[in-house]
Amino acid sequence: MDAELRADCSRCFGLCCVAPTFARSSDFAIDKPAGQPCPNLGDTFRCGIHTRLRERGFAGCTVYDCFGAGQHVAQVVYEGRDWRGDPASAPRMFDVFAAVRILHELLWYLTEARHLAESLPPSRTGATHEVPGAQSPPPPGSSAAVTGEASPAGPGTKPPLLSGGGEVSPATTPTGPGNRRRAGRRRSPATALTESGPGRNASAASASALIAAVDDALSATRALRDAADILTPAAAEAHRDRIAPLLREVSAAARGARAKSPGRHLIGAKLRRADLRDADLRGALLIGADLRGADLRGTDVIGADLRGADLRGADLSTTLFLIQSQLDAATGDAATKLPQRLRRPAHWQAP
């Protein structure tokens with residue numbers, strides 16, 4: 001996985017320790033409002049109890065993943081200016097972080113989707129038609145480069161602001177040397193992702209068509225990320241919703257004809273040594289589930305809640321869209337088989 005999609009706390013300003021809300025629970029020992037620094041955050045933006053988070057009641061911190069959004073906002077969007085040194089920028093910086101975190105998670109899933117699509121033979125799903133709606137690349141700095149829309153802007157058009165509904169609102173576009181400088185560095189998509197693009201692309205079934213569709217979505221998402229200084233969290237959420245059908249199409253093709261769905265409400269389920277190969281567990285509640293020795297190869301787990309799930313001896317070597325924070329929230333051991341791109345959590349037991 002690209003280094004840009006892996007969190008690098010040494011290059012961040014502790015944004016995940018300030019921007020989000022904490023609610024006192026089994027995950028957090030305290031209540032903390034959004035925008036207020038956690039009392040454990042030090043002067044150098046490092047956690048003072050990082051090695052003792054679980055024992056101090058902050059298990060939620062150990063399973064959080066910004067997918068590299070923190071260092072991107074800190075070093076690229078705000079060019080090394082931190083929220084303590086520039087307090088006036090803090091509210092906007094936190095909003096930008098929320099938006100970029102969504103986009104970086106999307107980039108992670110789309111990168112994974114491309115690898116999956118590349119592994120599919122063209123005959124796997126039978127279709128050979130081209131991806132509908134592919135467009136020529138819009139010019140850099142155009143509204144199409146920022147929003148993924150197909151219509152290019154005219155010469156000299158300023159990048160628009162994406163409002164909560166994804167609408168253009170030029171009146172509130174930020175100005176100033178920093179924003180103009182960043183605008184000049186924005187990358188435009190290789191092909192445009194139209195408003196109805198993901199849904200239409202999702203109907204493309206061949207491996208080559210899926211790859212082309214994912215590439216379009218990757219380019220559009222990177223263009224939005226690179227325009228993050230004028231992006232709202234709601235617009236990033238809307239983009240995620242539009243790309244969701246494409247990810248479903250890729251995972252369905254990867255699972256193949258054996259796909260099965262054991263249900264979504266599996267809290268505390270007894271699934272020891274269960275054959276869950278190629279199952280659809282998207283969004284499943286697997287809190288505290290017994291998955292010891294279960295076979296989860298080819299299983300789609302996007303959004304699945306694995307908090308407290310027992311994965312000792314389970315086979316997740318080819319589980320689809322498995323992310324590090326899901327493993328960090330579960331328990332396992334040295335016998336648990338993992339994809340090479342993910343690490344074995346330090347708190348897991350020996351076999």
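## Ground rules

Buried means under 20% relative accessible area, exposed means over 50%, and partly exposed covers what lies in between (1.4 Å probe, protein chains only). Arg114, for example, has a relative accessibility of 23%, so this residue counts as partly exposed.

What you have here is a predicted model: local features need pLDDT of at least 70, side-chain atom pairs count only at pLDDT 80 or more, and totals for chains, interfaces and linings use all residues. Residues are numbered from 1 along each chain as its sequence is written, and side-chain values use heavy atoms, with hydrogens and water left out.

## The overall fold

Let us start with the whole chain. The protein has 9 helices and 0 strands, so its elements read α-α-α-α-α-α-α-α-α from the N terminus on, where helices (H or I, at least four residues) and strands (E, at least two) are DSSP runs numbered from the N terminus.

Of its 351 residues, 51% count as buried. The accessible surface of the protein comes to about 15,500 Å², and 54% of this belongs to carbon and sulfur atoms; the areas come from the Shrake-Rupley method with a 1.4 Å probe, and for residues only the protein chains shown count as cover. Taking a contact as heavy atoms within 4.5 Å, residues 24 or more positions apart account for 53% of the contacts in the protein with a separation of 6 or more.

## Aromatic rings

A pair of aromatic rings is described by the distance of the centres and the angle of the planes. Rings of Phe, Tyr and Trp (its six-membered ring) pair if their centres lie within 6.5 Å; planes under 30 degrees apart count as stacked, over 60 as edge-to-face and the rest as tilted. A search of the whole structure finds 7 such pairs. One of them joins Phe22 and Phe28, whose planes meet at 10° with the ring centres 4.4 Å apart, so this pair is stacked. Trp108 and Tyr109 give an edge-to-face pair, with 90° between the planes and 5.7 Å centre to centre.

Phe22 and Phe28 are both buried. Trp108 is buried at 6% relative accessibility, and Tyr109 is buried with a relative accessible area of 6%. Elsewhere, Phe13, Phe45, Trp83 and Phe94 form one aromatic cluster.

Arg101 belongs to helix H3 (residues 90–118) and counts as buried at 19% relative accessibility. Its side chain makes a polar contact with the side chain of Glu105 at 2.6 Å. A polar contact is a pair of N or O atoms within 3.5 Å; within protein, one must be able to donate a hydrogen and the other to accept it, and residues adjacent in sequence count only if both atoms are side-chain atoms. Leaving aside neighbours within four places in sequence, Arg101 touches Tyr64, Asp65, Cys66, Phe67 and Ala69.

Asp328 is found in helix H9 (residues 324–329) and is buried at 8% relative accessibility. Beyond neighbours within four places in sequence, the contacts of Asp328 are Arg54, Thr62, Val63, Arg343, Pro345 and His347.

## Salt bridges

How many salt bridges does a search of the whole structure find? The count is 24, a salt bridge being a side-chain nitrogen of Lys or Arg within 4 Å of a carboxyl oxygen of Asp or Glu. In the bridge between Asp215 and Arg114, the closest N and O atoms are 2.5 Å apart. This pair links distant parts of the chain, with Asp215 in helix H7 (residues 207–226) and Arg114 in helix H3, 101 residues apart. Asp215 is partly exposed at 25% relative accessibility.

Asp295 bridges to Arg277, with the closest N and O atoms 3.7 Å apart. Both residues lie in the loop between helix H8 (233–255) and H9, so the pair ties together parts that are 18 residues apart in sequence. Asp295 counts as buried at 16% relative accessibility, whereas Arg277 is partly exposed at 30%. Asp310 forms a salt bridge with Arg292, at 3.9 Å between the closest N and O atoms. Asp310 and Arg292 also lie in the loop between H8 and H9, so they tie together parts 18 residues apart in sequence. Asp310 is buried, with a relative accessible area of 12%, while Arg292 is partly exposed at 25% relative accessibility. Finally, salt bridges that share partners join Asp2, Glu4, Arg222, Arg225 and Asp226 into one network.
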